Amino acid sequence: MPETQTDYGEFFSEHGYLPGVTVLETEELAALRRNFDELESKIGKENAQYSLHNAHMQHEFAMQAAAHPTVVAVLRAILGPNVFLLDSRFICKYPVGQVSGAGPDVEPYVAWHQDVRYWGVDGGPVVSVWLAIDDADAENGAVYFIPGSHKNGLQQHGSAQKAGNMLTSNQEIPSELVDESKKVLCPLKAGQMSLHHGLTVHASEPNRSSRRRCGFVLRYVPTCAYPSDDPDRPRTFPATVLVSGENKEGYFTDKAPGFFHKAM
């Protein structure tokens, strides 16, 4: 595990991901979990799995997490001083059978994929953050990465044949293109984050434990990145927020909510 911010950037560049960075102190974690649990109780577990999209625009606690000084400092080491938050989503993988939906025999999982396949951004990398609200481990479906896979460019994606894929477009890299012998598990303690490049191939298995696995997923880009014209990757960006530096290029609009004030 790298120990300095310089090491963070070097490790990320080489491997395409960064594991186990501690972000939240005990009280900060308790507040984030309490606020999420309140939202979960209002909308129900089935909706809380994937439907809390861009909560940072409505909820100050979510924006504070997305712009946490430790998160931003690590992002600056990877992306440089000028950084946009592109999008956010709470994602919960509940124990198998705990949430109704696809059917009693279907186990929710996340197929092998690359985030950037459907992100519609060029000119710079998309970095995804998983900020753990709950512990994540092999038993409850923590993520697996294929180290170095970000260096191989955009992979072919098709539609998953196995039921239960949690990805909204049901996308999947065909199994013959993924060398699973190279996969690395990325367990996290609650309050830690992992980061990965938008081209890093990753997946997660069903939650066969008795514990929830919830995280706050955040996407960031350097300000030199811009929306793609690729018709195969259409995307709108209604919730972009400048979280660090200056927006010199102006490709994205700073739509920061009124309660947010950038620290650097």
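**Conventions.** I number residues from 1 along each chain as its sequence is written, and side-chain values use heavy atoms, with hydrogens and water left out. Because the model is predicted, local features need pLDDT of at least 70 and side-chain atom pairs count only at pLDDT 80 or more, while totals for chains, interfaces and linings use all residues. I take helices (H or I, at least four residues) and strands (E, at least two) as DSSP runs, numbered from the N terminus.

**Entry 1: Thr200.** I looked up Thr200 and found it in the loop between β11 (192-197) and β12 (202-204). Thr200 counts as buried because its relative accessibility is 0%; buried means under 20% relative accessible area, exposed over 50%, and partly exposed in between, with a 1.4 Å probe and protein chains only. I listed its contacts (heavy atoms within 4.5 Å). Leaving out residues up to four places away in sequence, Thr200 touches Gly16, His113, Gln114, Phe145, Ile146, Ser149 and His150. A polar atom of the Thr200 side chain lies 2.7 Å from the backbone oxygen of Gly16. I also checked Leu154, 46 residues from Thr200 along the chain, and got a C-alpha separation of 9.2 Å.

**Entry 2: Ser149.** I placed Ser149 in the loop between β7 and β8 (158-159). Ser149 is buried, because its relative accessible area is 5%. Beyond four places in sequence, Ser149 touches Leu199, Thr200 and Val201.

**Entry 3: His113.** I found His113 in strand β4 (residues 110-113). With a relative accessible area of 3%, His113 is buried. Its side chain makes a polar contact of 3.1 Å with the side chain of Asp115. For a polar contact I require a pair of N or O atoms within 3.5 Å; within protein, one must be able to donate a hydrogen and the other to accept it, and residues adjacent in sequence count only if both atoms are side-chain atoms. Among the residues that His113 touches, beyond four places in sequence, are His157, Leu167, Gln171 and Thr200.

**Entry 4: the largest pocket.** I ran a 1 Å grid over the protein atoms alone; a pocket is an open set of points where a 1.4 Å probe fits, with protein on both sides within 12 Å along at least five of seven lines, and lining residues have an atom within 4 Å of a point. The largest pocket has a volume of about 550 Å³, taken as the space filled by probe spheres set on the points, which are joined across faces, edges and corners. Of its 35 lining residues, the closest to the centre are Ile91, His113, Asp115, Leu167 and Arg219. β3 gives the most to the lining, with five residues.

**Entry 5: nonpolar cores.** I define a nonpolar core as a set of buried Ala, Val, Leu, Ile, Met, Phe, Trp, Tyr and Cys residues joined through side-chain atoms within 4.5 Å. In the largest, of 45 residues, Phe90, Met193, Leu195, Tyr220 and Val243 touch the most other members. Helix α5 gives the most to this core, with six residues. A second, separate core of 15 residues includes Tyr50, Ile91, Ala136 and Leu167.

**Entry 6: α5.** I read the buried residues of α5 (residues 69-79) as Val71, Val72, Ala73, Val74, Leu75, Ile78 and Leu79. Gly80 follows α5, with a positive phi near 100 degrees.
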